[in-house]
Amino acid sequence: MAGHSKWANIQHRKGRQDAARSKLFSKFSKEITVAAKMGDPDPDKNPRLRLAIKEAKAQSMPKDNIERAIKKAMGGEGDNYEEIRYEGYGPGGVAVIVEAMTDNRNRTASNVRSTFTKFGGNLGETGSVAFMFERVGEIVYPASAGDADTVMMAAIEAGAQDVESSDDEHVIYTADTDLNEVATKMEADLGESDSTKLIWKPSNTTEMDLEAMQKLMKLIDALEDDDDVQHVTSNFSASDEVLEQL
């Protein structure tokens, strides 16, 4: 059970999703605005925008919010945002990648650094932990989409790299450049996915006990509460017993 694909489940168990929904919508809006600004405002002609909208809809973001975010880009907003990746280590030596989108690099760097320090981590140089991860596309379907063999065949035919099926879901991995194409083909076979996005997939993981996981979650919660932070990824691994106690 690695950190890249299970963090949302942990958040759900903690009951944070509803409380953080407005902040989540704000982050989606920023991504949609920047994606529309960088490419075409028509999602059919802009894969990044299409994926951003798809992910926002998967989290029940209202259509009006999505359209408003696109209009912001067309109106000239989003010009000043730059994407920055921070890398470091959390409690217990676990690797952490923080993806931010900001109009003030100094503010964001200062906030991220102080958060790492406050919660027992250390911010490192760019590249200090990224080698422990692979940049891939991730498509998630519920178990109800089909049995493991059905989903596996659909994934192979669509050009995916790997599939992990469990009692709860099917997780399909693609090359980062193939995500939009594979997702579109799988949608034709299996319908709408629960989630489609680019992720940092750990190549190796760090096993965490309950105390270490509790400390790590405080760090990640604090990072995610920063308005400039879009995504936080860690290469933790923990037993079901530990996760159930969180």
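Colleague: Is Arg-50 buried or exposed?

Modeller: In this predicted model, Arg-50 is buried, with a relative accessible area of 19%. The cut-off matters here, because buried means under 20% relative accessible area.

Colleague: Which element does Arg-50 lie in?

Modeller: Arg-50 lies in helix 4.

Colleague: And which residues does Arg-50 touch, not counting residues up to four places away in sequence?

Modeller: With those sequence neighbours left out, Arg-50 touches Pro-43, Asn-180, Thr-184 and Glu-187.

Colleague: Staying with helix 4, at what angle do helix 3 and helix 4 pack?

Modeller: Helix 3, residues 21-38, and helix 4, residues 47-58, pack at an angle of about 160°. Their axes are 8 Å apart. That angle makes helix 3 roughly antiparallel to helix 4, because angles over 145 degrees count as roughly antiparallel.

Colleague: Is the crossing of helix 3 and helix 4 left-handed or right-handed?

Modeller: Helix 3 passes helix 4 in a left-handed crossing.

Colleague: Which residues meet there?

Modeller: From helix 3, the residues are Phe-28, Glu-31, Ile-32, Val-34, Ala-35, Ala-36 and Met-38. They meet Arg-48, Leu-49, Ala-52, Ile-53, Glu-55 and Ala-56 in helix 4. Sorted by class, this contact of helix 3 with helix 4 has 10 nonpolar, no polar and 3 charged residues.

Colleague: How does helix 3 pack with helix 5, and what is the angle?

Modeller: The angle between helix 3 and helix 5 is about 40°, and their axes are 8 Å apart. Helix 3 and helix 5 are therefore oblique to each other. Helix 3 passes helix 5 in a right-handed crossing.

Colleague: Which residues make that contact?

Modeller: Helix 3 contributes Phe-25, Ser-29, Ile-32, Thr-33, Ala-36 and Lys-37. Helix 5 contributes Asn-65, Ile-66, Ala-69, Ile-70, Lys-72 and Ala-73. The residues of the contact of helix 3 with helix 5 divide into 7 nonpolar, 3 polar and 2 charged. Ile-32 and Ala-36 of helix 3 take part in the contact with helix 4 and also in the contact with helix 5.

Colleague: Is Ser-60 buried or exposed?

Modeller: Ser-60 is exposed, with a relative accessible area of 55%.

Colleague: New topic. Where do the axes of helix 6 and helix 9 come, and how do they cross?

Modeller: The axes of helix 6, residues 105-118, and helix 9, residues 210-224, come within 9 Å and cross at roughly 160°. Helix 6 and helix 9 are therefore roughly antiparallel to each other. Helix 6 passes helix 9 in a right-handed crossing.

Colleague: Which residues make this contact?

Modeller: On helix 6 they are Val-112, Thr-115 and Phe-116, and on helix 9 they are Leu-219, Ala-222 and Leu-223. By class, the contact of helix 6 with helix 9 has 5 nonpolar, 1 polar and no charged residues.

Colleague: What about Thr-117, is it buried or exposed?

Modeller: Thr-117 is in helix 6 and is exposed, with a relative accessible area of 57%. The C-alpha atoms of Thr-117 and Leu-219 are separated by 9.3 Å, and these two residues are 102 residues apart along the chain.

Colleague: Where does Gly-127 lie?

Modeller: Gly-127 lies in the loop between strand 3, residues 122-123, and strand 4, residues 133-142. At 39% relative accessibility, Gly-127 counts as partly exposed. Its C-alpha atom is separated by 7.0 Å from that of Glu-87, 40 residues apart along the chain.

Colleague: Now the whole chain. How many helices and strands does the chain have?

Modeller: There are 10 helices and 10 strands in the chain. The radius of gyration is 18 Å, close to the 18 Å that the globule rule gives for 246 residues, so the chain is as compact as a globular protein of that length. Along its principal axes the C-alpha trace spans about 45 × 45 × 35 Å.

Colleague: How much of the chain counts as buried?

Modeller: Of the 246 residues, 47% count as buried.

Colleague: And which share of the contacts joins residues at least 24 apart?

Modeller: Among contacts between residues at least 6 apart in sequence, that share is 75%.

Technical notes
Residues are numbered from 1 along each chain as its sequence is written. This is a predicted model: local features need pLDDT of at least 70, side-chain atom pairs count only at pLDDT 80 or more; totals for chains, interfaces and linings use all residues. Side-chain values use heavy atoms; hydrogens and water are left out. Axes are lines fitted to C-alpha atoms, for helices over the stretch in contact, and angles run from 0 to 180 degrees between N-to-C directions. Helices (H or I, at least four residues) and strands (E, at least two) are DSSP runs, numbered from the N terminus. Angles under 35 degrees count as roughly parallel, over 145 as roughly antiparallel, 65 to 115 as roughly perpendicular and the rest as oblique. A crossing is left-handed if the near helix is turned anticlockwise from the far one by less than a right angle, and right-handed if clockwise. Contact means heavy atoms within 4.5 Å. Ala, Val, Leu, Ile, Met, Phe, Trp, Tyr, Cys and Pro count as nonpolar, Asp, Glu, Lys and Arg as charged, and the others, Gly among them, as polar. Buried means under 20% relative accessible area, exposed over 50%, partly exposed in between (1.4 Å probe, protein chains only). The radius of gyration is taken over C-alpha atoms; the globule rule is 2.2 Å times the number of residues to the power 0.38.
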